[in-house]
Amino acid sequence: MDAARVTVLRELLAGSGWPERTQGFAGALRGAVTRRSAAPGGLLLVGADSEEPWHLAAHLDDEASWSGLPELSPTLLRRTIPPGAPPHLAVPLHRLEQAGRGETVLVVAPGGSDGGLLERVHGARRSGATILALEADLGAADGELRGLAHEALTVPDGAGAPDFDIVQHLVSAAAGEPSTPAPRSGALRGALARAIERLTAAPPPMRW
């Protein structure tokens with residue numbers, strides 16, 4: 001999603017608190033992968049069910065290119081790897097068992113989490129990995145992932161809340177933005193400049 005559409009979404013959601021929540025979560029993600037102790041290529045992205053978070057992987061990869069922050073480019077961990085998959089799409093889920101200090105695990109859970117994954121996430125946290133969770137609110141039945149995460153963004157299912165996919169777009173866009181906001185007098189000029197740069201620049205190479 002380009003910068004102009006993200007700006008429109010934020011304007012539509014103004015006053016709801018969601019632009020601020022997604023920016024806060026994105027700031028935690030950006031801070032985790034760019035801190036001095038972060039491991040190179042240490043962002044591990046995993047879906048909490050059989051639906052792999054392809055869209056978020058692609059958007060974060062784009063943001064890594066646009067922002068000049070290669071740390072935002074994730075490694076997608078997969079439950080099933082088809083024959084002939086390229087190396088960056090052939091990283092198995094059990095890679096999570098090796099996650100440790102300096103690495104960040106981003107769990108995307110639009111529809112609940114299975115016990116096997118939660119056990120692996122718990123092990124990664126015990127080994128020193130930073131755990132972030134982007135999840136749908138399924139009530140008391142699925143609070144365990146939230147409890148394991150250092151930072152979680154929970155999307156409720158109901159009126160007044162944006163769609164889960166929209167939240168993913170807003171998080172990925174905000175992750176590539178400077179963590180320190182521009183002075184108010186120059187904020188609009190800076191936003192316009194970034195939008196123009198994205199709209200006129202050559203697209204980053206497709207990896208997903």
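Predicted model: local features only at pLDDT ≥ 70, side-chain atom pairs only at ≥ 80, totals over all residues.

Guide: Residues are numbered from 1 along each chain as its sequence is written, and side-chain values use heavy atoms, with hydrogens and water left out.

Visitor: What makes H3 roughly parallel to H6?

Guide: The axes of H3 and H6, lines fitted to C-alpha atoms over the stretch in contact, come within 8 Å and cross at roughly 20°. Angles under 35 degrees count as roughly parallel, and that makes H3 roughly parallel to H6.

Visitor: Which residues of H3 and H6 meet?

Guide: With contact meaning heavy atoms within 4.5 Å, Leu56, His59, Leu60 and Glu63 in H3 meet Gln168, His169, Ser172, Ala173 and Ala175 in H6.

Visitor: Which residues of H3 are called buried, and what does the word require?

Guide: Buried means under 20% relative accessible area, computed with a 1.4 Å probe on protein chains only, and the residues of H3 called buried include Leu56, His59, Leu60 and Glu63.

Visitor: How do you know what span to expect of H3?

Guide: The expected span is 1.5 Å times one less than the number of residues; H3 (residues 54-67) has 14 residues and reaches 20 Å from its first C-alpha to its last, close to the 20 Å expected.

Visitor: Where do H1 and H6 touch?

Guide: The axes of H1 (residues 3-12) and H6 (residues 164-175) come within 11 Å and cross at roughly 115°, and the contact is made by Val6, Leu9 and Arg10 of H1 and Ile166, Leu170, Ala173 and Ala174 of H6.

Terms used
Axes fitted to C-alpha atoms, helices over the stretch in contact; angles between N-to-C directions. Helix = DSSP H or I, 4+ residues; strand = E, 2+ residues; numbered from the N terminus. Buried < 20%, exposed > 50% of the residue type's maximum accessible area, 1.4 Å probe, protein only. Parallel < 35°, antiparallel > 145°, perpendicular 65-115°, else oblique.
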